[in-house]
Amino acid sequence: MAPHEHHAHPTDAFEGPEEVARVVADGEIALGFVREVVEAVLDLDRGPVRSVLDIGSGPGVATVELARLLPGATVLALDASGSMTEAVRERAATAGAADRVDARQSEIPDGLDELSDVDLVWASMSLHHVGDEVAALRGVRDTLSRHGIVAILEFGDQRRLLPPGDDELADRVEAAYREFFEAQQHHWHGDTPSGELTDMVEQAGLTVLDDHVSVITHRPPLDEAQRRYVTGSLVRARRQLEGHLARRDLRALDRLADDPDRPDAPVVVSRRIVLASR
Ligand SMILES: C[S@@+](CC[C@H](N)C(=O)[O-])C[C@H]1O[C@@H](n2cnc3c(N)ncnc32)[C@H](O)[C@@H]1O
């Protein structure tokens, strides 16, 4: 299991409107990965994609994009958070996709055994929150149709988003994040230690078809939503890096988050993408 902050219950962190807004911003900045992966899955030419399962869907940014890109498919979003599943329903209705998008509150692996014949399982930035990933992946494998594919998106390379002009601060933030992630490894949820991603995929009886890191760069000028994403990320970095970064650098993050005239920097987001079949 990978890095996140520690909460009494694994998904308490994902309740409430502020969390929904934050995960919407995260999803929108990474929307290009959905198209990339759908194209890769269709290129495999294994058969029609009629049913999609989005596990740990968050507020449904990718869920609704999957429905848009795969007009012949129904998409079921599963998420342990009530706020997130409600947000998926609202987003689907706004996009006019409510007839093909369904959302259920369920803490994976619960709820997987009722599902079958899924052509594409989408698991983006969710697997690392699950206590026993191999058990969850086994549950996922058993939902798949004969030609079904699992697409797992996880942390790629370190992202960059600080404004230009202080590369040393950017380097210190990156180093502090590495330290933060290492410290978080000791606060895993669940009792089952994580393994390397593709090892866990194979332990679950799946075959890895592809494994690569993909990068999206949003270049300045950033639009309003992208600037909001940067502000949100700075506020979160400020909170997460307390104790890992010098006071002076924490104050610099505060100032940047609060500065309406903050110069734009390219926003680089990256995902490790693993495709697997049964
Ligand atoms: C970081 S968000 C990712 C959202 C979205 N998939 C994306 O890529 O932007 C992680 C989501 O996984 C959900 N989650 C965490 N553990 C879960 C579990 N065991 N079962 C179902 N959902 C879970 C959380 O509630 C949260 O909405």
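The model is predicted: local features need pLDDT of at least 70, side-chain atom pairs count only at pLDDT 80 or more, and totals for chains, interfaces and linings use all residues. Residues are numbered from 1 along each chain as its sequence is written, and side-chain values use heavy atoms, with hydrogens and water left out.

Aspartate 79 places a polar side-chain atom 2.6 Å from an oxygen atom of the ligand. Alanine 80 has a polar backbone atom 3.1 Å from a ligand nitrogen atom. Isoleucine 108 has a backbone N or O atom 2.8 Å from a nitrogen atom of the ligand. Taken alone, the ligand exposes 600 Å², and the protein buries 92% of that. Accessible areas come from the Shrake-Rupley method with a 1.4 Å probe; for residues, only the protein chains shown count as cover.

A cavity is a set of points where a 1.4 Å probe fits but cannot get out; a pocket is an open set with protein on both sides within 12 Å along at least five of seven lines; lining residues have an atom within 4 Å of a point. Grid points are joined across faces, edges and corners, and a volume is the space filled by probe spheres set on the points.

The second largest pocket has a volume of about 260 Å³. It is lined by 17 residues, and Arg159, Arg160, Leu161, Leu162 and Ala170 are the closest to its centre. Two or more lining residues come from each of α6 (167-184) and α8 (224-240). Helix α6 gives the most, with five residues. Helices (H or I, at least four residues) and strands (E, at least two) are DSSP runs, numbered from the N terminus. The lining has eleven nonpolar, two polar and four charged residues.

The structure also holds one cavity of 30 Å³ or more. The volume of the largest cavity is about 40 Å³. Its lining includes Leu161, Pro163, Leu222 and Arg227. Six lining residues are nonpolar, none polar and three charged.

Now turn to strand β7 (residues 267-277), which contains arginine 272. Is arginine 272 buried or exposed? It is buried, because its relative accessible area is 17% and buried means under 20%, exposed over 50%, partly exposed in between (1.4 Å probe, protein chains only). Its side chain makes a polar contact of 2.8 Å with the side chain of glutamate 196. Another, of 2.9 Å, goes to the side chain of aspartate 211. A polar contact is a pair of N or O atoms within 3.5 Å; within protein, one must be able to donate a hydrogen and the other to accept it, and residues adjacent in sequence count only if both atoms are side-chain atoms.

Serine 270 also lies in strand β7. It counts as buried, at 5% relative accessibility. A polar atom of its side chain lies 2.6 Å from the backbone nitrogen of aspartate 157.

Technical notes. Nonpolar A, V, L, I, M, F, W, Y, C, P; charged D, E, K, R; others polar.
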